[in-house]
Each structure stands twice: as C-alpha cells, then as structure tokens.
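Here is a short tour for anyone who likes to see how a model is put together. Have the viewer open and follow along.

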Protein chains: 2
Amino acid sequence: MALDRLIEKIEQTQNPTVAGLDPKLDYVPEYIRKKNFERYGENLKGAAKAILEFNKGLIDALYDIVPAVKPQAAYYEMYGTAGVKTLYKTQEYARSKGMYVITDGKRNDIGTTMEAYAAAHLGKVKVGLSEFEPFLGDALTVNGYLGSDGIKPLIKTCAEHDKGIFVLVKTSNPSSGELQDKLIDGVPVYEVMGKMCEEWGKELAGVYGYSGVGAVVGATYPEQIKRLREVLPNTFFLIPGYGAQGATAKDIAAAFDKNGLGGIVNSSRGIMCAYQKQKCGEREFAEAARREAIRMRDEIMGIVGKIEIGR
Amino acid sequence: MALDRLIEKIEQTQNPTVAGLDPKLDYVPEYIRKKNFERYGENLKGAAKAILEFNKGLIDALYDIVPAVKPQAAYYEMYGTAGVKTLYKTQEYARSKGMYVITDGKRNDIGTTMEAYAAAHLGKVKVGLSEFEPFLGDALTVNGYLGSDGIKPLIKTCAEHDKGIFVLVKTSNPSSGELQDKLIDGVPVYEVMGKMCEEWGKELAGVYGYSGVGAVVGATYPEQIKRLREVLPNTFFLIPGYGAQGATAKDIAAAFDKNGLGGIVNSSRGIMCAYQKQKCGEREFAEAARREAIRMRDEIMGIVGKIEIGR
C-alpha cells in the first residue's frame with residue numbers, strides 16, 4: 001500500500017535517489033543515434049528507438065543500486081507516438097529489472113477524465129472481458145490545482161492497484177513563487193497544497209509512516225523543505241532540482257526523518273549526461289552513469305545516515 | 001497569430017462552440033466496437049481503432065458547422081500507445097477537414113521540459129536535418145501552477161508556429177474552489193492566475209483583441225465568468241461544463257463581448273452521446289451529434305447574437 005514498495009526499495013538499496021530519464025536526443029551517444037537512424041530512419045521513430053536503447057543501457061547500469069527511475073513524459077511525447085511507445089517500453093524494462101517506476105506526467109483533470117488518467121498510468125482498463133495495463137507506472141506526478149475532484153479518482157486507483165502519487169507542492173523553478181509563495185490567510189499557497197496532500201493521504205496510509213500521496217518539493221528551496229517536513233509528517237517528498245539546478249545534499253537534509261526516510265532525490269541530466277561531464281567517451285555512458293549515481297548516493301547518504309524501516 | 005485562426009473559424013461558422021472528443025469506449029456504438037474487435041482483437045488496439053472510427057464519423061458530421069474539436073488526452077492515453085496513436089490520427093483527420101484542434105492535455109512543467117511539451121503538442125522537433133510534428137494541436141490546455149517558467153516556453157513556440165494555449169483559471173468542477181477561490185490579499189487565486197494570463201498574453205497579441213494565451217473558465221461559475229471578463233479584456237475563454245455539468249447558455253453570456261467574441265463553449269458527452277439521448281439507434285450517431293451541435297449552437301447564438309470580427 002501507499003508508497004511502501006518504494007520505501008522498501010530505498011531501504012534495500014540504502015539509496016534515497018531516483019534516476020530521472022528525461023532523454024533529449026542530444027543526450028544520446030552518437031553511436032546509438034547513428035545505429036538506430038540507419039535501422040529505422042532519421043525520423044521520430046529512429047529517435048525514439050535510439051532513446052530506448054540509451055534508457056535500457058542506463059537501467060542495466062543502475063538497477064542494482066538505484067531504487068527507482070522517473071521517466072518524464074514530455075521527452076517521450078516530443079517524439080510522437082513512437083516516443084510514447086518508448087515510454088512504455090522503458091517502463092516495462094525498468095519494471096523487469098525490479099525498479100520502481102515514477103511516471104513524471106504532472107497530469108491533472110477532474111472526475112471521469114481524471115479516472116481515465118488514473119487508469120492509463122496507474123491502473124487497468126477493461127476491454128471486453130480482459131483487463132490491460134495501458135502504461136506501467138508505480139506512481140504518477142500530478143498537479144492539484146483543480147482540488148479534490150482531481151485527486152480522489154487517483155486515490156481509488158492507488159488503493160486498488162497498490163500505487164502512489166506525488167502532488168506538486170513547491171516546485172524547484174525560480175518562478176515557482178509567483179503563485180506558490182502567495183499568502184492565503186498568512187499561509188503560503190504551497191503549504192495549503194501540502195496540507196491538502198496530508199489530508200488526501202489519510203485514505204492511503206502506509207506502514208512506514210508515509211501515505212500514498214507524496215509531494216513534489218524542490219531541492220532549491222531548503223527553508224520550505226524544512227517547514228513542509230514539520231507540517232506534513234506523513235507526506236513523502238519527491239525532490240527535484242538536485243545537481244543541475246544547483247541544490248546540494250545539505251539543502252535537502254531537512255526532508256529526512258530520524259530513520260533516514262521521508263524523501264527521494266531526483267537527478268536526471270547529472271546521471272544521463274555523466275559521460276559528457278566525466279569526458280570518458282560516449283561508449284562508456286553506462287559506467288559513467290553508474291559512477292555518478294554512486295557518487296550522488298554517497299553524498300546524500302552522508303547527510304541522511306542509515307535508512308531503517310523498522311519492520 | 002494568437003488565437004486569431006480560431007476566432008476566424010468561429011466567425012465563419014457563426015458558432016462559438018467546440019466539440020469535445022472524450023471517447024470512452026462505452027460511448028462508441030456497438031457495431032463499431034464489434035467490427036474493430038473482430039479486425040484488431042478485443043484489446044487496447046481494437047478499442048483504439050474503434051474510437052478512431054467513431055471520431056472520424058463525428059468529425060464528418062460536424063466539420064462544416066463546428067469550428068473546433070477538443071480531444072481530451074486522458075481518454076487516448078487510457079488505451080495505451082494504440083490510444084495515443086488514435087489521438088494523433090484524430091488530430092490529423094480534424095485538421096484535414098479544416099477544423100481547429102485544441103488538445104486538452106493540461107500539460108505543465110518547467111524550462112526545457114516545458115519546451116519539450118511545447119514542441120510535442122504545438123511545435124516541431126528536429127531529428128537530423130528534418131523537422132517533424134509529433135502531435136497536431138493548434139492550441140493546448142495547460143496548468144499554470146508552476147508560474148512563468150512553465151508558460152514562457154509555450155509563448156515562444158506559439159509565436160513561431162501560430163499556435164495558442166488555454167491556461168486553467170477557474171475550472172468547472174465542484175471542488176475547484178478549494179484552492180482557486182482562496183484569497184490572496186483579497187483577490188481569489190483564480191483571478192491572480194487570470195491576471196498572469198493577461199500579462200503572458202501581451203507577448204502574443206492578436207488582431208481581434210484577444211491574445212494567444214486564453215483561460216479555461218468553467219460554465220458552472222457564471223459570477224466568476226462575469227468578473228473575469230471585466231478584468232481580463234484580452235483573454236479568450238475556453239468554457240467547459242456546459243450541458244452535462246449543468247450549466248446553461250445564460251450562465252455563459254457574460255463571457256462574450258459586444259462583437260460576440262470572447263469565448264468558446266465545449267460540449268463533449270452532449271454531442272458524442274447524442275444518439276443515446278435521442279434514442280435514435282446507434283447507427284445514427286453522427287446525425288444525432290449534428291442535430292445536438294446545431295441545437296447547442298442555436299441556443300448559444302440566441303444569447304451571443306451575431307459574431308463580427310471587424311476585419
């Protein structure tokens with residue numbers, strides 16, 4: 001239930017990080033691009049196939065030490081229907097390797113439409129007498145601007161299929177404050193949204209103290225992380241903005257409780273483009289990604305300490 | 001530029017409505033389902049193919065009298081990669097018939113990720129030396145919770161490719177007020193968001209007085225429509241909630257200016273399921289949809305009066 005499967009993977013790997021798979025075509029080593037263009041054409045399909053090969057290489061290099069992947073839907077939709085197929089195949093491959101899959105889609109809508117998104121990304125769809133899984137996420141990022149009508153359908157699907165969600169609360173970008181920091185009766189919008197998460201989460205309680213309704217809280221706002229951890233004791237944080245967006249391990253320390261639980265930190269470009277930064281040659285992209293993942297894990301575990309879930 | 005192409009289509013058809021294509025499989029006539037299941041299997045692909053046939057029938061019945069379609073991404077993602085292909089094919093068919101395509105995806109993210117969504121849904125993507133259109137929307141619905149970092153990349157793409165966006169401002173659902181009605185210095189969140197749209201729109205000014213940054217404003221909140229029309233003089237409204245959600249033509253009157261411009265009203269189920277309501281037999285689904293579209297047009301035009309764009 002809830003985000004317990006994720007928490008167990010984090011404890012098992014002693015690693016509260018997630019590898020973001022946001023594969024711009026530029027990130028893909030040229031030899032992989034070339035091979036797939038020759039085979040499938042220099043078009044959306046060729047690009048999508050190249051990205052899939054790249055993703056699989058990354059997953060192979062990471063699955064025993066990193067608990068989760070977070071494919072960002074935008075970078076797959078960018079390559080059209082072929083790209084969306086690569087999203088599915090990436091989820092399928094990550095799942096086959098035992099990784100927890102967080103689909104970063106920031107989906108939002110109401111009522112039956114939100115039920116459709118929930119079924120699409122976290123549930124099953126019935127056609128005739130059979131049921132199918134349209135996409136293969138274990139959790140989905142969502143946007144709560146529409147209120148409970150947009151979240152309740154997800155809660156139901158999460159309860160039925162042992163899945164979770166992460167609601168945008170305080171995002172990592174510079175302009176996130178334009179709306180999110182504005183005060184409602186003296187309380188910032190992000191905290192109002194956070195408290196709604198805490199409420200929604202009551203219907204998806206987990207065994208390790210955290211519900212199935214997590215919150216996206218940017219690493220770039222350490223003060224807000226601290227405050228939100230205090231007022232949202234049962235809400236697990238998905239933390240973007242580490243590395244490429246400038247935040248460090250110290251910035252995210254307050255997200256974690258005394259058992260080393262409470263958050264999972266994302267790195268996308270840092271891991272995917274490690275071979276460029278390490279200047280080690282593109283054929284070593286997977287090894288470079290693994291080295292960076294280990295470096296990041298060790299840096300964050302230096303702050304977090306041991307992770308214990310006290311079964 | 002801006003939403004001018006949409007406004008011209010509205011004037012040409014004298015019809016400020018959009019047909020929402022939210023095709024739950026239950027809406028599709030049984031004979032279409034059966035035929036496609038026999039041909040492609042009783043699975044996600046068979047469902048997606050049945051939906052495409054249904055959509056094409058609806059478009060054939062509507063394209064000369066209704067200016068636009070609004071496919072809702074959730075109902076396509078629900079049928080997996082096959083469903084997403086049906087989204088593309090639906091957009092392609094509507095475009096071939098001269099309809100304006102509003103992709104209802106409520107996408108949101110920041111920076112390069114939002115650029116990826118913008119390219120996916122409104123722009124083009126370069127692979128090698130060629131450019132491709134991943135999806136075929138003329139406009140996209142988006143969620144502005146993340147602030148300008150989430151909107152600016154769209155503005156750029158809209159300017160380059162003559163496209164538009166609709167930002168969620170005041171949604172039609174009962175719980176929309178949980179966040180949207182809360183007061184920030186005495187001003188409701190939806191109005192704060194609306195004013196951001198008005199600002200963002202300055203970079204996408206249109207020739208008929210409305211910018212390329214529209215707002216989603218629910219028909220179920222007539223008072224808020226009135227207020228928003230007053231304070232957002234250059235923001236065009238996409239108005240859901242008419243019909244199935246209970247709002248009437250009178251409720252949306254305030255959205256329109258003296259030239260009959262200012263908004264486009266969506267009906268999804270009302271049109272798609274007209275054959276069920278009219279009890280006319282499922283093989284008449286297209287004619288029933290056309291009858292309902294004409295009824296709706298006449299009802300709304302009774303309030304709006306003549307639409308003039310004063311070229």
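The model is a predicted one: local features need pLDDT of at least 70, side-chain atom pairs count only at pLDDT 80 or more, and totals for chains, interfaces and linings use all residues. Residues are numbered from 1 along each chain as its sequence is written, while chains are lettered from A and ligands numbered from 1 in the order in which they are written.

**The two copies**

Let us start with the symmetry. Chain A is superposed on chain B by a rotation of 180° with 0.0 Å of shift along its axis, at an RMSD of 0.0 Å. The two copies are thus related as by a two-fold rotation axis. The superposition is by least squares on the C-alpha atoms of residues with pLDDT of at least 70 in both copies. Which residue of chain A comes closest to the rotation axis? I184(A) does, with its C-alpha at 2.6 Å.

At the interface, 57 residues of chain A are in contact with 57 residues of chain B; contact here requires C-beta atoms, placed from the backbone, to lie within 7 Å. The side of chain A that touches chain B has 30 nonpolar, 18 polar and 9 charged residues. In this scheme Ala, Val, Leu, Ile, Met, Phe, Trp, Tyr, Cys and Pro count as nonpolar, Asp, Glu, Lys and Arg as charged, and the others, Gly among them, as polar. Because 100% of the interface residues of chain A are also interface residues in chain B, the copies meet through the same surface.

**The barrels**

In chain A, a closed barrel of 8 strands runs β1-β2-β3-β6-β7-β10-β11-β12 with parallel pairing. Neighbouring strands of this sheet are turned by 30° against each other on average, direction ignored. Chain B also has a closed barrel of 8 strands, in the order β1-β2-β3-β6-β7-β10-β11-β12 and with parallel pairing. Helices (H or I, at least four residues) and strands (E, at least two) are DSSP runs, numbered from the N terminus, and two strands pair if DSSP finds at least two bridges between them.

Two strand pairs give a closer look. β6 (residues 139-142) and β7 (residues 164-170) of chain A pair in the parallel sense over 4 bridges, and V142(A) stands opposite V167(A) in β7(A). In chain B, 3 bridges join β11 (residues 237-239) to β12 (residues 263-267), where F237(B) has G263(B) as its bridge partner.

The angles in the table run from 0 to 180 degrees between N-to-C directions, with axes fitted to C-alpha atoms, for helices over the stretch in contact.

| Helix | Strands it lies across | Angle |
|---|---|---|
| α5(A), residues 80-96 | β1, β2 and β3 of chain A | about 175° to β2(A) |
| α13(A), residues 285-304 | β1 and β12 of chain A | about 145° to β1(A) |
| α13(B), residues 285-304 | β1 and β12 of chain B | about 145° to β1(B) |

**Helix against helix**

Between the chains, the axes of α5(A) and α5(B) come within 9 Å and cross at roughly 165°. α5(A) and α5(B) are therefore roughly antiparallel to each other; angles under 35 degrees count as roughly parallel, over 145 as roughly antiparallel, 65 to 115 as roughly perpendicular and the rest as oblique. The contact is made by G80(A), T81(A), V84(A), K85(A) and Y88(A) of α5(A) together with G80(B), T81(B), V84(B), K85(B) and Y88(B) of α5(B). By class, the residues of this contact divide into 4 nonpolar, 4 polar and 2 charged.

Conventions. Contact = placed C-beta atoms within 7 Å.
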